[in-house]
Amino acid sequence: MEKFNDMTTEPIKKTLILLALPIMGASFFQLAYGIVDMLWIGKLGSRAVAAVGSAAFFINLGFGLNTIIVTGTGVKVAHRLGSKNYKEADEFINTGFLMNVILFSVYFTFLFLFRNMIVKYFNFNDAGVENMAKQYLMITGIGTFFKFSNFMFVSIFNSFGDSKTPFKINCIGVILNIFLDPLFIFVFNLGVFGAGLATMLCEGINSTLFYIYSKKYFTIKRQKEYSREKIKDIFFLGFPNGIQRVLFTTISIILARMVAGWGASAIAAQKIALQIEAVSYLTIGGLQGAVASFVGQNFGAKRFDRIAEGHKVSMRLSAGLGIITTLIFVIFAGPLMKIFIDDEKTLEIGMDYLRIVGLSQVFMCLEIVNSGAYSGIGKPKIASMIGIIFTSLRIPIAFVLTKIFGINGVWLAISGTTVVKGTLSTYLFSKEKKYNFRRQHDK
């Protein structure tokens, strides 16, 4: 195992920023796949965007399940690296990849068997939209094998303190996707299926590159025997974050069906606005990944003073990012939406979404970074419970608010609960630092 980036001794702010910037870049390039797809699919019209948007909700559900394995493996590897237990770090890596393969097999089987039911759920009453949705669902469903693998590689590379390699690899994939998307969609006339196929091929190339470059840190190999204890450790550590993301996606699906009551234009607007908002979500997710790895290594090394200071620095950085995002969403909602679509009804709905949800961006950033800190100390349940409770409340709140504000009631429910989650998670982690860290430091 090659020497990794030891985050238990270097200057805290410098360490976090140098680790976070490439992760943010890599996250952006992961997002860029969806943005590139949406730029080209938008030229096919709102019906095509609605088809892709509805299918994507169920692909994201798979990513939520994958978070269980990715989070658990990444944190366990960081802990073992921090305590210099390299043998167990390797064992956790190989166990995580085995669990990934099993998850893909089960989830794709589910998508294939229930594809008609999944698409019918949105009540489009439009055979053309439903056919496009099924095509996109199947091709991207196959591609989840590579996507699951890439998420795992990124998490493990981050645990080793190497966020630059994932950034470079994702750059290559996105550049290829920029060229392949219009080729498959328009030249080969494959429509939304072509968009999914282009992305799948690029993700496959990324997986190959990750595998090649991973050999400088670890070797993926089939073990003679897999420890049930390690499987349980990964599952139970990653379960709170994973179930939170699954619940988040499930609630998004329910809200999307509610939004579908305003027509295909509303679903299209929501899909485009979500892609735009994801720039903020995944960018701050880069800082979350840095915080989880930094806290994980320092927790393994019992450097609780560094964890407390690192959290303080990360809060300042996340608040700054949130303020910038809020200003962009509120001021430039119109120009941002017009990049993707020119349908007036879709534009109006999407602009309202960005302005309303934009007001809660600071709190969204705080919540995500706190979640990374809780994962790093091996207590993801606290952040997950906050997320589960208040994300679930979006459904009844949206039901009430839509009676008053129409479709904007859905956006108000999302924004309001985000404010509460960000505030509460920050308060509780501050208590964690004040009491529990002090006690452990004194032992």
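Ile41 is found in helix H1, where helices (H or I, at least four residues) are DSSP runs numbered from the N terminus. With a relative accessible area of 0%, Ile41 is buried, a word that stands for under 20% relative accessible area, while exposed stands for over 50% and partly exposed for what is in between (1.4 Å probe, protein chains only). The model is a predicted one, in which local features need pLDDT of at least 70 and side-chain atom pairs count only at pLDDT 80 or more, whereas totals for chains, interfaces and linings use all residues. Residues are numbered from 1 along each chain as its sequence is written, and side-chain values use heavy atoms, with hydrogens and water left out.

**Confidence**

- The predictor's confidence in each residue is given as pLDDT, from 0 to 100; the mean pLDDT of the protein chain is 87, and 94% of its residues reach 70 or more.

- Leaving aside neighbours within four places in sequence, Ile41 is in contact (heavy atoms within 4.5 Å) with Ala48, Val49, Val52, Ile185, Val192 and Ala195.
- The C-alpha atoms of Ile41 and Thr165 are separated by 30 Å, and these two residues are 124 residues apart along the chain.
- Ser159 belongs to helix H5 and counts as buried because its relative accessibility is 2%.
- With neighbours within four places in sequence again left aside, the contacts of Ser159 are Met7, Gly74, Val77, Ala78, Leu81, Ser293 and Gln297.

**Nonpolar cores**

- A nonpolar core is a set of buried Ala, Val, Leu, Ile, Met, Phe, Trp, Tyr and Cys residues joined through side-chain atoms within 4.5 Å; the largest has 87 residues, of which Phe58, Phe218, Met337, Leu354 and Trp411 touch the most other members.
- Helix H2 supplies the largest share of this core, 15 residues.
- Phe58, leaving aside its neighbours within four places in sequence, is in contact with Tyr107, Leu111, Ile118, Phe122, Leu137 and Ile253.
- Another core lies apart from the largest one and has 28 residues, among them Leu16, Ile23, Met24 and Tyr374.

**Pockets**

- On a 1 Å grid over the protein atoms alone, a pocket is an open set of points with protein on both sides within 12 Å along at least five of seven lines, a cavity is a set of points where a 1.4 Å probe fits but cannot get out, and lining residues have an atom within 4 Å of a point.
- Grid points are joined across faces, edges and corners, and a volume is the space filled by probe spheres set on the points; the largest pocket has a volume of about 300 Å³.
- This largest pocket is lined by 19 residues, and Phe97, Val101, Phe145, Ser149 and Ile220 lie nearest its centre.
- Two or more residues of that lining come from each of helix H3 (86-113), helix H5 (127-159) and helix H7 (191-214), with H3 giving the largest share, six residues.
- The lining of the largest pocket divides into 11 nonpolar, six polar and two charged residues, where Ala, Val, Leu, Ile, Met, Phe, Trp, Tyr, Cys and Pro count as nonpolar, Asp, Glu, Lys and Arg as charged, and the others, Gly among them, as polar.
- The second largest pocket holds about 260 Å³ of space, and of the 16 residues that line it, Ile276, Val279, Ser280, Ile328 and Phe329 are the closest to its centre.
- Helix H9 (264-300) and helix H10 (304-331) are the elements that give two or more residues to the lining of the second largest pocket, and H9 gives the most, with six residues.
- The lining of the second largest pocket has 12 nonpolar, four polar and no charged residues.

**Cavities**

- The count comes to two cavities of 30 Å³ or more, and the second largest cavity has about 30 Å³ of space.
- Gln244, Glu367, Asn370, Ser371, Ala383, Gly387 and Ser425 line the second largest cavity, and H13 gives the largest share of this lining, three residues.

**Positive phi in loops**

- Lys84, in the loop between helix H2 (46-82) and H3, has a positive phi of about 65° although it is not a glycine, and Lys84 is partly exposed, with a relative accessible area of 41%.
- Asn123, in the loop between helix H4 (115-120) and H5, has a positive phi of about 55° although it is not a glycine, and at 45% relative accessibility Asn123 counts as partly exposed.
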